[in-house]
Amino acid sequence: MYYQTSISRTSISRNIKNTKSRFLRSSCSFIANNWSISNAIAIESATGPLNHLFDRSMLLLADIENLSFSAKNNFRLQVAYHHLARLLRYVVRSCELHAFFSMVPGCESWNEQFQSSGWITHPIAVKTKNSYRGQIKRANSDNAILYHAGDLISRNDPELVLIGSGDGDLVCDLAEFIHSKSPQRQVMTLSLPGSTSYRLNAQTNPDIAANLELGRDCLHNSIHHALVGEGRKSDYVIFGF
């Protein structure tokens with residue numbers, strides 16, 4: 001009886017070791033595959049294609065968190081928003097650049113840096129909510145973009161609207177709204193390589209006229225942190241200037 005029990009324990013021990021070994025091999029394979037996929041995404045040296053913007057009036061609605069997290073999580077880079085503003089102003093005939101982002105009250109330095117770089121800012125205050133897990137901080141600027149879009153478009157009457165986001169839900173909702181008011185107005189996207197929803201592909205989505213991607217001319221390695229809400233992305237949004 002004792003011998004059988006010993007065999008049983010030995011068998012269990014071996015099974016645990018084999019399970020751990022398979023788990024480690026699987027984990028290493030997962031990390032290696034994802035690392036290779038991330039590295040396989042190429043970033044062009046220049047933002048573009050910019051020929052869609054030449055000598056046109058443009059309104060940019062930028063989801064700063066989407067752009068910043070895409071750059072940080074996929075490439076460990078930050079968006080150089082002052083370079084982006086300068087580049088777009090050089091290319092188009094006229095434009096307004098609107099930045100939507102979440103911000104803890106009191107962090108006015110980030111708001112000021114965007115403004116000094118030529119952006120019109122729409123900071124959204126981070127709110128604390130009660131949940132079954134206790135208090136959590138919520139931060140998302142999507143609703144603010146949707147809310148302000150109609151007023152900004154009617155006030156500026158641009159030839160095209162450039163949406164700085166790769167979020168399929170947000171951009172599709174905006175594009176449908178814009179075309180419901182003005183079918184001839186073009187909608188384009190600006191996002192990071194590998195971070196654009198397949199639903200936004202200009203070749204298959206009739207509401208999207210073109211897809212622009214940020215290049216290395218508007219990305220860099222410097223890091224500035226602005227504390228935002230706790231969530232699935234991060235506790236920090238990365239602003240680059």
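Is Arg93 buried, partly exposed or exposed, and what is its relative accessibility? Arg93 counts as partly exposed, at 48% relative accessibility. This residue belongs to a predicted model, in which a search of the whole structure finds 5 salt bridges.

**Arg93 and its partners**

- The side chain of Arg93 meets that of Glu159 in a salt bridge, with a distance of 2.7 Å from N to O.
- Glu159, like Arg93, is partly exposed; the relative accessible area of Glu159 is 32%.

**The pair Asp157 and Arg185**

- A salt bridge joins the side chains of Asp157 and Arg185, at 2.6 Å from N to O.
- Distant parts of the chain are linked by this pair: Asp157 is in the loop between α5 and β7, and Arg185 is in the loop between α6 (168-181) and β8 (186-191), 28 residues apart.
- Asp157 is exposed, because its relative accessible area is 53% and exposed means over 50%.
- Arg185 counts as buried, because its relative accessibility is 8% and buried means under 20%.

**The pair Asp169 and Arg199**

- Asp169 and Arg199 form a salt bridge in which the closest N and O atoms are 2.6 Å apart.
- Asp169 lies in helix α6 and Arg199 in the loop between β8 and β9 (210-213), so this pair ties together parts that are 30 residues apart in sequence.
- Asp169 counts as partly exposed at 48% relative accessibility, and Arg199 is also partly exposed, with a relative accessible area of 34%.

**Helix α4**

- Helix α4 covers residues 108-116, and its buried residues are Trp110, Asn111 and Phe114.
- Seen down the axis of α4, these buried residues fall within an arc of 100°, so they line one face of the helix.
- As a general rule, an α-helix has 3.6 residues a turn, so residues three or four places apart point the same way.
- Gly118 follows α4 and has a positive phi, near 100°.

Notes:
Residues numbered from 1 in each chain as written. Predicted model: local features only at pLDDT ≥ 70, side-chain atom pairs only at ≥ 80, totals over all residues. Heavy atoms only, no water. Salt bridge = Lys/Arg side-chain N within 4 Å of Asp/Glu carboxyl O. Buried < 20%, exposed > 50% of the residue type's maximum accessible area, 1.4 Å probe, protein only. Helix = DSSP H or I, 4+ residues; strand = E, 2+ residues; numbered from the N terminus. Arc of directions from axis to C-beta.
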